[in-house]
Amino acid sequence: MKKFIYILSISLLLLFTFNAVTAVAQPKMYSQGFYDMKDLNLGEDVTYKVQNHHPHVEGLLIILDPDRKIQQLVRIPASAAQIPITSLKNDYRFIIYNDILLTFS
């Protein structure tokens, strides 16, 4: 009986001391500036969506190719839902204009 109580006590102690903590990665937010593909950690030939997390400010996302030709210009409203952008190449550059917070997913 003593063994049972010891084993039960230790089991309950271990059961309640090991709390599972779920870790959720926070999305990286990007503000106004110039970026490359590797700065944004984006993959080639993948269709991404961009979202503005600033509740009151609109902004622009300009995607340029290596010849500095505009591939896409996206006007992003305040608190916008996810807006799809074109598939990307490794040598594309990005200009984020205005005081907005963008995430790519």
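Biologist: How many bridges join strand β3 to strand β6, and in which direction do the two strands run?

Modeller: Strand β3 (residues 59-64) and strand β6 (residues 93-97) are joined by five bridges, and they run antiparallel. This is a predicted model, where local features need pLDDT of at least 70 and side-chain atom pairs count only at pLDDT 80 or more, while totals for chains, interfaces and linings use all residues. Residues are numbered from 1 along each chain as its sequence is written, and side-chain values use heavy atoms, leaving out hydrogens and water.

Biologist: How should I read a strand pair?

Modeller: In general, strands of a sheet pair through backbone hydrogen bonds, either parallel or antiparallel. Strands (E, at least two residues) and helices (H or I, at least four) are DSSP runs numbered from the N terminus, and two strands pair if DSSP finds at least two bridges between them.

Biologist: In what order do the strands of the open sheet lie?

Modeller: The order is β1-β6-β3-β4, four strands with antiparallel pairing. At the edges are β1 (33-36) and β4 (70-76), each of which pairs on one side only.

Biologist: Are Arg 93 and Asp 36 buried or partly exposed?

Modeller: Buried means under 20% relative accessible area and exposed over 50%, with partly exposed in between (1.4 Å probe, protein chains only). Arg 93 is partly exposed at 49%, and Asp 36 is partly exposed too, at 22%.

Biologist: How many salt bridges does the count come to?

Modeller: The count is three. Another of them joins the side chains of Asp 45 and Lys 89, at 2.9 Å from N to O. This pair links distant parts of the chain, 44 residues apart: Asp 45 is in the loop between α2 (37-40) and β2 (49-52), and Lys 89 in the loop between β5 and β6. Lys 89 is partly exposed, at 33%.

Then there is Arg 75 with Glu 58, whose closest N and O atoms are 2.9 Å apart. Arg 75 sits in strand β4 and Glu 58 in the loop between β2 and β3, 17 residues apart. Arg 75 counts as exposed at 53%, whereas Glu 58 is partly exposed at 38%.

Biologist: Where is Ala 81 found, and which residues is it in contact with beyond its sequence neighbours?

Modeller: Ala 81 is in the loop between β4 and β5 (83-84), and is exposed, with a relative accessible area of 58%. Contact means heavy atoms within 4.5 Å. Setting aside neighbours within four places in sequence, Ala 81 is in contact with Val 50 and Gln 51. Lys 49 is 32 residues from Ala 81 in sequence, and their C-alpha atoms are 9.2 Å apart.

Biologist: Which helix holds Ile 5, and how accessible is this residue?

Modeller: Ile 5 is in helix α1 (residues 2-17). Its relative accessible area is 45%, so it is partly exposed.

Definitions and conventions: A salt bridge is a side-chain nitrogen of Lys or Arg within 4 Å of a carboxyl oxygen of Asp or Glu.
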